[in-house]
Amino acid sequence: MKTQNLGYPRIGSHRELKKICENYWAGKTGYKNVLQVGKNIRHENWQLQKEAGIDLIPSNDFSFYDHVLDHSLMFGAIPKRYNEVILRKGNAELDLYFAMARGYQKEDLDVVAMEMTKWFDTNYHYIVPEFYKNQPFKLFSTKVIDEFYEAKQLGIISKPVLIGPVSYLLLGKEKEAGFEKIDLIKNLLPVYLDILNRLAALDAEYVQFDEPFLALDLSEKEQAAYQFVYKEIKKAFPKLKIVLATYFEGLGNNLTLTTSLPFNTLHIDLVRAENQLESVIAALGDDKILSLGLVDGRNIWKNDFSKSSALITQAVKHLGAARVWIAPSCSLIHSPVDLDNETDEQNLSAEVKQWLAFAKQKVAEVVTLKKIATQENPASTQQKLEENLIAINNRENSTLIHNQLVKQRVKALQTKDSERSNPFSLRKIKQQSLNLPQYPTTTIGSFPQTVEVRSWRAKFKKGLFTDEEYNSLIAEETAKAVKWQEEIDLDVLVHGEFERNDMVEYFGEQLAGFAFSKNGWVQSYGSRCVKPPIIFGDVSRPKPMTVKWTSFAQSLTSRYMKGMLTGPVTILQWSFVRNDQPRSETCTQIALAIRDEVIDLENAGIKIIQIDEPAIREGLPLRKADWQNYLNWAVKAFRISAAGVKDETQIHTHMCYSEFNDIIQNIAAMDADVITIETSRSQMELLDAFANFKYPNEIGPGVYDIHSPRVPKRSEMITLLKKAKAVIPQDQLWVNPDCGLKTRGWDETKKALIEMVEAAKEMRKTAAVLTEDLLN
């Protein structure tokens, strides 16, 4: 019996990757320093897993930005617009890589970034590969070979990790008509064969191919591509041991296809799809190994050793111990790094902490499960089993978890509690009292959180500022932001959210049923790390959360100030969620808490309230057959949160990095008065879904990409607005950035927003001239 890990967090135990990359982008450190920090993180990760007792340690799971982008660079799938970046004297391969991820704006060269979207149903973002008809591929970057050799120099024969060829193509996007991306499989396969040849020359024994699309619905052409690819790989490398990794869902109707492929080891996710074990064992054949994904790679709860051991026993009974491996359910990049870093009991109580396991602890759990199964060191493993059982029972029976008043409130919900008083067509008439111009301008909510603002919060948490001192600084920063928005003539203002740390964490800190780590950082994209709250119990709102600062900001201006809230589905999706009750139940509890806040904001005189739901799309189950059940409760939760206000109060929502075509009816069913969406990286392509559906409510298509530091030209934004106007009636259109501006600098933010407001004004002038011509 072996243990394996599918991937380890690459941010470093103290977010070293974030710090070095951001310093490099700011010109504060050199290229060699970036490479050294990356090397240090890799070595630390490999050594930790070796010492823990992992048999197969992954390599190529490290990335400076995104593992999908790593593969695009490796395969030479570099869009032509980056050719001049490559040719620029002094630019390293890493500069090209970061340009693809973040855009490039230097001297006379201005190149936009590649599109970004969510990695399946997680909160991790990947850079979307761009594909063209008959596109050639070639080995451009040797990262996977270099890192295998690097581990070998340390005495570790690692297991290189590659995104499988079919999944890599399916993660991408066709950038021209007339072909399907899967058609490129024969062009791509030779690059994989080249890589495998080089790895074999270095004595690689195992190679892990991540094929998560085997857990999704596949077309006949995609199924055929799987059969072709792995047959060719096995034919070229008969001695290479292929670990085929699936995760996030069960194999379902792809079971026969998957088990027929010529691999040595199949990895399955038994956290997300425990009930697939029996059918997979039956279909596996007589010579293949089964890797059991038992330790949850996506959540932070301690593994139930008794439950996992029963599954191991079941597998061993049918396959024998030598054909059973133990592993996490998926890569641990979705987990915080190390629970040992949580030393502050005021932040995370000892009772809650004993229920948790982060990446380092999950690695240890994998090894312990093997020892239990093989009866290695029985006295020690028996003690660990008993300790585990105590922690599991303690959580199940803890008085911290259950609140009967919350449970009763959920039970008492009626249909009317999720419905506005009137349909949008009538609400829109009443909302004309807001007297907003055509193409009204606004932002999504947050403004840049400078080093200074973040230092205030850190000092306040350490007790170095009194409440009065801290609040005074936040009030001053808020007042400056309000005044500046007035100066550039934005129509609907925001208070800037300077008091907030994270759009989910801020609310979780004020809701009952949540706990927080101090160092539980998880990579969201690139250098962006988030610290998800931990929902351990029933959720309620003890007191108002945002009314104070929103009301203060509104008192500073005669313009409308948006109330800014995070929606129930996003709070759920971007938290580590309790696994002892249905997610729908937890989401409804959060919805009622947000509903209370919405009503309080309205009572405080706030006329426009935004309830952000960027995570609605990412929460979709991977199998379409399961979508409707999820959408029913997710949409209902949003409606519960928004339905308590009068018709005159305008409800906004925001979504980013989502394909809407297949769920547009459900987006409409949310019944927000205004929806703002990410569209700039896709050049307004996402609006087609709204146009084809004849979406009745108002829409703010993002006119510039905030995930890139480049400042867009006014002409770019006007071009995008004209594209939007071509498919959406202009009286439905708002003008706004793609997303919140928290992670940007003030200089670029100010320049971009000034251009955005002027772009909206030019569109109004054009509309006025056309109206006058029609009247004449």
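I looked up F514 first: its opposite number is I535 in β19. Strands β16 and β19 (residues 534–540) run antiparallel and are joined by three bridges. I count two strands as paired if DSSP finds at least two bridges between them. Helices (H or I, at least four residues) and strands (E, at least two) are DSSP runs, numbered from the N terminus.

This is a predicted model, in which local features need pLDDT of at least 70, side-chain atom pairs count only at pLDDT 80 or more, and totals for chains, interfaces and linings use all residues. Residues are numbered from 1 along each chain as its sequence is written, and side-chain values use heavy atoms, with hydrogens and water left out.

**Three-strand sheet.** I traced the order as β16-β19-β21, an open sheet with mixed pairing. Strands β16 (512–515) and β21 (576–577) stand at the edges with a single partner strand each, so one side of each has no neighbour in the sheet. Next I checked what lies across β19 and β21, and found helix α23 (residues 583–603), running at about 55 degrees to β19. Contact here means heavy atoms within 4.5 Å. Axes are lines fitted to C-alpha atoms, for helices over the stretch in contact, and angles run from 0 to 180 degrees between N-to-C directions.

**Eight-strand sheet.** I then followed the open sheet of eight strands, with parallel pairing, in the order β1-β14-β13-β12-β11-β10-β8-β2. Its edges are β1 (2–3) and β2 (58–59); each has a single partner strand, so one side of each is without a neighbour in the sheet. Inside the sheet, I checked β11 (residues 241–245) against β12 (residues 265–269): they pair in the parallel sense over three bridges. V243 has T265 of β12 as its bridge partner. Helix α12 (residues 305–319) lies across β13 (289–295) and β14 (324–328), at about 175 degrees to β13.

**S329.** I found S329 in the loop between β14 and α13 (350–353). Is S329 buried or exposed? S329 is buried, at a relative accessible area of 2%. Buried means under 20% relative accessible area, exposed over 50%, and partly exposed in between (1.4 Å probe, protein chains only). Neighbours within four places in sequence aside, the contacts of S329 include L6, T246, Y247, H267, D269 and D296.

**Aromatic pairs.** I counted 29 aromatic pairs. The rule takes rings of Phe, Tyr and Trp (its six-membered ring) with centres within 6.5 Å; planes under 30 degrees apart count as stacked, over 60 as edge-to-face and the rest as tilted. One of the pairs is W25 with F98, edge-to-face, at 5.2 Å centre to centre and 90 degrees between the planes. W25 is in helix α1 (residues 16–25) and F98 in helix α5 (residues 93–102), so the pair ties together parts 73 residues apart in sequence. W25 is partly exposed at 24% relative accessibility, whereas F98 is buried at 4%.

I checked F209 and Y230 next: their ring centres are 5.6 Å apart and their planes at 90 degrees, so this pair is edge-to-face. F209 sits in strand β10 (residues 206–210) and Y230 in helix α9 (residues 220–236), so parts 21 residues apart in sequence are tied together. F209 is buried at 0% relative accessible area, and Y230 is buried at 1%.

**Charges over rings.** I need NZ of Lys or CZ of Arg within 6 Å of the ring centre and within 35 degrees of the ring normal. R298 lies over the face of F248, 4.8 Å from the ring centre. K750 has its charged end over the ring of W746, 5.4 Å from the centre.

**Cysteines.** How many disulfides are there? The count is zero, taking a disulfide as a pair of cysteine sulfur atoms within 2.5 Å. For C21, the nearest cysteine sulfur is that of C529, 10.0 Å away. That is too far for a bond. C21 is buried at 1% relative accessible area, and C529 is buried at 5% relative accessibility.

**Positive phi.** I noted N60, not a glycine, with a positive phi near 70 degrees. N60 lies in the loop between β2 and α3 (67–74) and is buried at 5% relative accessible area. N377 also has a positive phi, near 50 degrees. N377 sits in the loop between α14 (359–374) and α15 (378–397) and is partly exposed at 46% relative accessibility.
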